[in-house]
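This briefing concerns the structure shown below.

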Amino acid sequence: MSSKRPKSKEARKSKGKDKSNETNPTPDGGALESGHPDYIFPLVLTSATQELFGCRADEDVTGENPYKLLKKEDIIKDMKTRASVSDFSPVKQLVLDYPEDELLLVFDRDFTYGQSFYLVLTVEAKENILKPSVEGDEEQMKEEEVEEEEMIIPKTPVSHPWISLGSEQEIEEESVTESRPRLRYKISPLLRHCGAPVCFSDRSALDEKEGFVECPSYQDKSFSIREMEKHTAIQASCDTKHSSTQTLWKYPKNMWTQYEPREFSPEEKEHHLRSEHLKNFITSVLIRFEISLQQNYITDVFCDDWTALCEDDGMLAGKTETQLKEYQTFMDLHFSKEKTISHVHWHPTISGVIAVAMTERLSLEERIDNSTKLLLNPSYILFWNFTDPINPQLQLECPDDVLCFQFCPSDPNIIAGGCMNGQVVLWDISAHVERLQDTRSSSKNISNKLDKNNVTPVVRYCAVSGIENGHKAPITDIQWLPETFELSKLGIPVENPSRISVQLVTCAPDCSVLFWDLRPPRVVSHSLTDVKQKSEEKPLENPHGVPNTFKHLNLTWKPFIRVSLPKIGSSGEYSPLKFSLRDNTVDSPTGDKPPQNTDREEGCGFAQLRVPSAKQQKPLENISTKLYVGTEEGELVYTDWKMEKDNDSGRLLSTKPIHRFPLHDTLVNTVSRSPFFKDIILTVGSSSFAIWKEGVTNGPILMSAFSKKMLTVGHWSLSRPAVFFIGKEDGSIEVWDLLQNTHEPSQSQNISSAGITCIRTSSISSKQHLLAVSDCLGTLHILQIPWTLRRSSNSEKQIVRKYLEKEEERLEYFEKRQIKHEKEKKEMEAEQQRKKTEPVLPLKQEEELEAEALKKYEQFLALEKDILKNMGLLNGMEDSSDM
Amino acid sequence: MAEVEDTLKRIQGINGVIGTIVVNAEGIPIKTTLDNSTTVQYAGLLHQLTMKARSTVRDIDPQNDLTFLRIRSKKHEIMVSTDKEYLLIVIQNPAE
């Protein structure tokens, strides 16, 4: 705004300047007009004015100091006083308009603006002039600078016309503009055609060839343009990069570290122990420890009485539960008439199958009388199955009455039996075992089976021992040796690598116990004759389809060890009836270890086995070679079966029996080991039974009272250690429970009318325990063992063991007492003897005796007097002498 | 020190006590009636367990503190009493 003013002022000044130039038309004025700026007003000042304002030329103002500030008021006063004469009259208006109080008068020595003085009319100019300027002394330059400085002072941007720098040319080139006006064409048909009726129709452009015209693009080779410039669009994008990394695979490495617990040195421990703190701590906590420790000692708070109680309570049972319930009875009409069952055996693997040996119920004389008839009626072993109570499943033909038989523990298809004539018989029922198994499972097919084959198959024995080499008396007991060991020629138990039971033990009242081997004996040299014989034997076929299992043994079989039982202390021999080995296969429950049939080929195993040489066999240490034998005279003999070599004759002799217990008065019919305790033996005689412990030589641990009826058989229970069964002559069974009563049976039950001949328990199924009882009349009863007799409590074995140990102690105690009694008796006798040998004293005379007595009496009276005197009680001394 | 000995003897003499161990705050045994390896094992394990039990009690209620810890196992009973600086462990066989 203020800039406008100088312009306006310049405009007026220029006008004013023209006027002033008219008054002073000098050539300098013309030059000055073009030279001096508008705010400079050249003045002429008379010397009077100069003196008035103090700006005399060359005196107040000089060339070096040309500036003089004049007060506006003075100028106005001067103008008023001298009106038109005043030098300031031409600038009167200007001075009046001047905003400030002081105007600048500049002595123009060089007459740059045409006069000797000039007046600065603007404030800015004044300031600019007065300001010391560095640029130059020339006033013009200063003025110009002042002018320029005025322009540079920052102001709001003022719109200026756009100055082209050349960038619009490109845009102008690109833009499309019409270079000429557009041409317009109007096409119309002839006028005469307009308005005429027209008929429109459709026509597809594709219908005719000439329907449309196209101008496709084509490459014109005559015309090519090289593209010099190309417009492309570019977009920036970031680079994609594929990269991968792999972690370091550290393979697992075993590392270990070892550390030690921190411990205190003894000094530190001492230091701690002495500290007061520890003492206080311990004395403070002591009480709670004592309380807790005593609490625990008084009672066990965590003991569960309820569970501990129920175990002992298991013995209580209702009345109905204790009886042996009849389950089934087997009686064969064809074959069991007039016969008794001598032996019963459950099939070891197939449940529900039981084998029964039938013998004639004849005494010896009758046998001899009817021997011819007996030869025509062979005896059998019958196999019964629960599913078919009428017909036996299988019949084994025996050469003679079989008194005892056993299934082979490693192969249940092999059965060994001992006959009345002293022969050992072997059967192989592998061919018929499916029949036994089939009928077990399907009870619905009974009617079908009955129609198919009414005849039960008869299996002939496949081997018998030679008569001359076997027993001379009926074989009363036969047992297999377990498959874990076998015996060498000397009777030493050695390891059995084949794990098949190959050896048998038999005993008979001909005073011998024989060991038999099922394998063919060792042949030292194959002679031609042997080979010939073998080839001759081949065409011989076995009649009746007997399997060839034991062909090598038939009729030539002989035992390899013969143990005789010479009597201790006297001549003669014991005649064994029953025997029991420590490691036997009869008494232990066999339900847990079924034989592996898949490993063995059926039937031909035994022929291939060979008796190994003595060097290869490894003797086993822990097999006991001793056996208990029950004899005909009612004795229990404890002997060893090992043979020892007699140095003189070179023969093998058996050792003398170790112990002998004469207990029962008649023959022993059962020697059986407890299945739970290997060293507890039950022997049953005719009128009593006894329990023995192996190693205790004083006598039986328990002996029963003599019973009225004859006891015929005894059998341990397989599930309860304290229970055993005794069969009696009148057909009843007694159940003895050692934990309840030892003087009488816990229960007694009558099974049949005839005497019991054999009792056997079956333990194949855990839910159902069956008792097979056979009687004299040939009937086989199957009874169910009640739960109480079947289930043993957890501690029963321990209790029984403790009881037996107590009994043993009792025996020992009795023994000791006996010895002591004897000693005392001896001493007494010795003393009596001594007394007798002493010299007899002469009889004293009666008078002498009286005199002596009187003397003694007087001595007594004197003594009495003394005592009374001493005591001071002697009052009537005269009276006492008369007493 | 004699008092400490007497008190420990008294505890040891109670019926059924198998062993007594005095342990410092870091789990290093100071005095024991058992053999070294057993002692070290008991001390280390029970020390950790006691610390855990104590922190449990204090987390529930910061004003509370653990006084006595009894561990009943099938065969033994282990009792631990704790202090700021020491731990007393007693092992008893409570079966009569």
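Leaving aside its neighbours within four places in sequence, which residues is A:Thr683 in contact with? In this predicted model, the residues in contact with A:Thr683 are A:Leu636, A:His664, A:Val668, A:Thr670, A:Val671, A:Ser688, A:Phe689, A:Ala690 and A:Trp692, once neighbours within four places in sequence are set aside.

**The setting of A:Thr683**

- A:Thr683 belongs to strand 28 of chain A, which comprises residues 680-684.
- The relative accessible area of A:Thr683 is 1%, and A:Thr683 is therefore buried, the cut-off being under 20%.
- The side chain of A:Thr683 is joined to that of A:Trp692 by a polar contact of 2.8 Å.

**The interface between chain A and chain B**

- On chain A, 31 residues are in contact with 37 residues of chain B.
- The size of an interface is often expressed as the accessible area that is lost when the parts come together.
- For chain A and chain B, the buried area is about 3,400 Å², and carbon and sulfur atoms give 66% of that area.
- Between chain A and chain B there are 15 residue pairs in polar contact, both residues being at pLDDT 80 or more.
- Helix 9 (266-274) and helix 10 (276-298) of chain A each supply at least two residues of the side of chain A that touches chain B.
- Helix 10 of chain A provides the largest share of that side, namely 17 residues.
- By residue class, the side of chain A that touches chain B consists of 14 nonpolar, eight polar and nine charged residues.

**Salt bridges between chain A and chain B**

- Three salt bridges are counted between chain A and chain B.
- A:Arg262 and B:Glu26 form a salt bridge through their side chains, with an N to O distance of 3.3 Å.
- A network of salt bridges links A:Glu276, A:Lys279 and B:Glu3.

**Salt bridges within chain A**

- Over all chains, the count comes to 17 salt bridges.
- In the salt bridge of A:Arg460 with A:Glu397, the closest N and O atoms are 3.5 Å apart.
- A:Arg460 lies in the loop between strand 13 (458-459) and strand 14 (463-464) of chain A, and A:Glu397 lies in strand 9 (residues 394-397), so this pair ties together parts that are 63 residues apart in sequence.
- A:Arg460 has a relative accessibility of 25% and counts as partly exposed.
- A:Glu694 and A:Arg673 form a salt bridge in which the closest N and O atoms are 2.6 Å apart.
- Because A:Glu694 lies in the loop between strand 29 (689-693) and strand 30 (702-703) of chain A and A:Arg673 in strand 27 (residues 670-673), the pair ties together parts that are 21 residues apart in sequence.
- A:Glu694 is buried, at a relative accessible area of 12%, and A:Arg673 is buried, at 2% relative accessibility.
- A:Lys693 and A:Glu808 meet through their side chains in a salt bridge of 3.1 Å, N to O.
- This pair links distant parts of the chain, since A:Lys693 is in strand 29 of chain A and A:Glu808 in helix 20 (residues 796-837), 115 residues apart.
- A:Lys693 counts as buried at 17% relative accessibility, and A:Glu808 is buried with a relative accessible area of 17%.

Methods: Residues numbered from 1 in each chain as written. Chains lettered and ligands numbered in written order. Predicted model: local features only at pLDDT ≥ 70, side-chain atom pairs only at ≥ 80, totals over all residues. Heavy atoms only, no water. Contact = heavy atoms within 4.5 Å. Buried area = accessible area lost by both parts, 1.4 Å probe. Salt bridge = Lys/Arg side-chain N within 4 Å of Asp/Glu carboxyl O. Polar contact = N/O pair within 3.5 Å; in protein donor to acceptor, adjacent residues only side chain to side chain. Helix = DSSP H or I, 4+ residues; strand = E, 2+ residues; numbered from the N terminus. Nonpolar A, V, L, I, M, F, W, Y, C, P; charged D, E, K, R; others polar. Buried < 20%, exposed > 50% of the residue type's maximum accessible area, 1.4 Å probe, protein only.
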